[in-house]
Amino acid sequence: MSWVSAAVVHQVDRPMHRTRRSVPTVRQLLWHRWETARTLMEFPGLAATMDLLLRRVARPWRTAPLPRYPAFRR
């Protein structure tokens, strides 16, 4: 998924799987990964880059957050 161009995702959002519908969209997955990576304080450069992507690229997306994975729900 890391190879997806931010410019392409910025224009069009689509489900991660073309036939199954209970899957996240590309934007949801990117948002989740960038948000998670932003909290990695042991890698300040990566955290700063993810914060920048969230603020400049992903802000207008208005995607719903991914639900917690069932194994991690309480």
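Mentor: Helices (H or I, at least four residues) and strands (E, at least two) are DSSP runs, numbered from the N terminus. The model is predicted: local features need pLDDT of at least 70, side-chain atom pairs count only at pLDDT 80 or more, and totals for chains, interfaces and linings use all residues. Residues are numbered from 1 along each chain as its sequence is written, and side-chain values use heavy atoms, with hydrogens and water left out.

Trainee: What is the distance between the end C-alpha atoms of helix α2?

Mentor: Helix α2 covers residues 26–38, which is 13 residues.

Trainee: Is W34 buried or exposed?

Mentor: W34 sits in helix α2. Buried means under 20% relative accessible area, exposed over 50%, and partly exposed in between (1.4 Å probe, protein chains only). Because its relative accessibility is 11%, W34 counts as buried.

Trainee: Which residues does W34 contact, leaving aside its neighbours within four places in sequence?

Mentor: Contact means heavy atoms within 4.5 Å. L53 is 19 residues from W34 along the chain, with 7.6 Å between the two C-alpha atoms. L53 is one of the residues in contact with W34. The list is M50, L53, L54, V57, A58 and W61.

Trainee: Is R62 buried or exposed?

Mentor: R62 lies in the segment after α3 (44–56). Its phi is near 55°, a positive value in a residue other than glycine. Most residues other than glycine have a negative phi. With 75% relative accessibility, R62 counts as exposed.

Trainee: How do the residues lining the largest pocket divide into nonpolar, polar and charged?

Mentor: On a 1 Å grid over the protein atoms alone, a pocket is an open set of points where a 1.4 Å probe fits, with protein on both sides within 12 Å along at least five of seven lines; lining residues have an atom within 4 Å of a point. The lining here is H32, L66, P67, R68, Y69, P70 and R73. Ala, Val, Leu, Ile, Met, Phe, Trp, Tyr, Cys and Pro count as nonpolar, Asp, Glu, Lys and Arg as charged, and the others, Gly among them, as polar. The division is 4 nonpolar, 1 polar and 2 charged.

Technical notes. Expected span 1.5 Å × (residues − 1).
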